[in-house]
Amino acid sequence: MNPPPAETAAPRPPRRRVHTRARLLAAASELFLTVGFGRTSIEDICAAAGYTRGAFYSNFAGKEDLLLALFDDQAAARMAELEKLAAACEALAPQERARLLVEALLRVEPAESGWILLFLEFRLVAARSETLAEQVATHDRTLARAAADVLERALPELVPTGATARQAAAVILAAREGLLARTAAGGAVAEELMAATAAVLSGLLGR
């Protein structure tokens, strides 16, 4: 009797396609951060990456799809940092854990300033398109779930306060978005507002 066929793993994308996608993302990232989302065309991205429109559309449905992929990459990097921080502060008191995690979620590094402006620009574009708005909402829900998972493990004390980890994550991320809109220019006022927001939110979570 012949042995049953072995289960096959899901096919991996060809290495060449992975490379093409990475180059398109890198080229688009530089253009978006330099001249903005609205002033960058698919043709510009293809020219900068050295590919045709066919190569672009074999990887992305459109310019918006590509930008959402970049946002996903940024969010994944931030969540990885948050995971490491949560693991490193397990022995701390709840108030200190809450402060560190909230500050990490709210923090905007100087190198992220271009991404702040790009994020705000894209939010306005998405607000005028029902389909795009839903794609952005899906991205937001995914990010909120990831942040909630970290908070739930790092701050089990959330439950007695009446707040769920999902609610806490949603509020923190919404606060961050508001901060991005009001502090894009940086400076002392931005630092004061960031510190005040972090103090209020971490105080509520760490009770």
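Okay, ground rules. Residues are numbered from 1 along each chain as its sequence is written, and side-chain values use heavy atoms, with hydrogens and water left out. Since the model is predicted, local features need pLDDT of at least 70 and side-chain atom pairs count only at pLDDT 80 or more, while totals for chains, interfaces and linings use all residues.

So, confidence. The protein averages a pLDDT of 83, and 87% of the residues score at least 70; pLDDT is the predictor's confidence in each residue, from 0 to 100. Helices here are DSSP runs of H or I, at least four residues, numbered from the N terminus. Residues 1-10 have pLDDT below 50, and beyond near neighbours in sequence that stretch has 0 contacts in the model, a contact being heavy atoms within 4.5 Å.

Next, Glu64. You'll find Glu64 in helix H4 (residues 63-88). Is Glu64 exposed, partly exposed or buried? Glu64 counts as partly exposed because its relative accessibility is 30%; the cut-offs are under 20% relative accessible area for buried, over 50% for exposed and partly exposed in between, with a 1.4 Å probe and protein chains only. Leaving out residues up to four places away in sequence, Glu64 touches Phe37, Phe122 and Leu132. Take Phe122: 58 residues apart along the chain, yet the C-alpha atoms of Glu64 and Phe122 are separated by 8.6 Å.

The axes of helix H6 (residues 113-127) and helix H7 (residues 130-154) come within 7 Å and cross at roughly 130 degrees. Axes are lines fitted to C-alpha atoms, for helices over the stretch in contact, and angles run from 0 to 180 degrees between N-to-C directions. That makes H6 oblique to H7; under 35 degrees is roughly parallel, over 145 roughly antiparallel, 65 to 115 roughly perpendicular, and the rest oblique. From H6, Phe122, Arg123, Val125 and Ala126 meet Leu132, Ala133, Val136 and Asp140 of H7.

Last pair: helix H8 (residues 165-183) and H9. Their axes are 10 Å apart and the angle is about 170 degrees, so H8 and H9 are roughly antiparallel to each other. Among the residues that meet there are Ile172 and Leu179 in H8 and Leu193 and Met194 in H9.

That's my tour; over to you.

Key:
Helices (H or I, at least four residues) and strands (E, at least two) are DSSP runs, numbered from the N terminus.
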